[in-house]
Amino acid sequence: MEESGTLEIPELTTGTASGTQQSQIQPEGITSHDGGMLDPRSLVLLTLLTNIIAVDSSAIWLIVLCILTTAIFSLCALPRRLFLGWAGFEIVCAFCAFILPAIAPSHIGVAVGVSAFWFLKFNITAAFGIAFFTAITPHQVSAVLTRLRAPVFIYVPIMVMYRFFPAARDELTSIREAMVLRGLQPGLWAMIIHPMHYLELILIPFLLSATRIVDELSAAALLKAVGAGKSADRAPRTTIIPTRFTRYDALAIGLCIVLVVAKEAQLWMS
């Protein structure tokens, strides 16, 4: 190598090259407990179907089936800590909705029961929302929208929204830490005693931070040439992130089929 004056590059095998490329371009996620990747399309389908059936139906057994469907999927997709928190809140809502009015038959008990019943339904949306922001990476969402040839007016709002909420959560955490450093005590008790003052201390810095976040996301979109494929002389948007159908997607589609069959049975019985 020294006599020829050239640099010899060792040849990579196919398996080594593909493994190196896969580790570099595919982001690591916490989509499942064993590293499986969820497809956002199956998650969107299950989210819409479960929420439509749960909100539209008045049959208790069908609502319970939607909750069990969400619990099964969340148990497989979410981290244990988040799943236990969601399940605990759902159990509390079920107790207030069905048991509390029976043991405390009063106007307050009925009002709490009705509110808890609706929280029981809307908590399903919360579970899938947590799954979106913890089990799906922004790279996967961008890859799916690119492969679906989504137009710019659909691609940009979805990606901005998907990247905005995690950044906004970090900004809120930073604001609370800054309040503690200044001798303030942010928390539930402070919000109850002085709600307007608490909102003023939180809301004004957060709005300023949100403006900065939106500007940064807009600059990132310009650097990535979002919308460059609209011209005929430019290449369309592409992606190198693979989208595969896994057993978690099969689980989501199977749960969708179960919900559709149950809804049809409920309509037939009524």
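What share of the contacts in the chain with a separation of 6 or more comes from residues 24 or more positions apart? These residues account for 76% of such contacts, a contact being heavy atoms within 4.5 Å. This is a predicted model: local features need pLDDT of at least 70, side-chain atom pairs count only at pLDDT 80 or more, and totals for chains, interfaces and linings use all residues. Residues are numbered from 1 along each chain as its sequence is written, and side-chain values use heavy atoms, leaving out hydrogens and water.

**Overall build**
- The chain has 10 helices and zero strands; helices (H or I, at least four residues) and strands (E, at least two) are DSSP runs, numbered from the N terminus.
- Of its 270 residues, 34% count as buried, meaning under 20% relative accessible area, with exposed over 50% and partly exposed in between (1.4 Å probe, protein chains only).

**Surface**
- The chain exposes about 17,100 Å², and carbon and sulfur atoms supply 69% of it; accessible areas come from the Shrake-Rupley method with a 1.4 Å probe, and for residues only the protein chains shown count as cover.

**A nonpolar patch**
- Ile60, Val64, Leu68, Phe95, Phe98, Ile99 and Ile103 make a nonpolar surface patch of about 620 Å².
- Patch residues have over 30% relative accessible area and no salt bridge, and nonpolar side chains (Val, Leu, Ile, Met, Phe, Trp, Tyr) are joined within 5 Å, like charges within 9 Å.
- A salt bridge is a side-chain nitrogen of Lys or Arg within 4 Å of a carboxyl oxygen of Asp or Glu.
- Helix H3 (60–77) and helix H4 (80–103) each supply at least two residues of this patch, and H4 gives the most, with four.
- Phe98 lies in helix H4 and counts as partly exposed because its relative accessibility is 37%.
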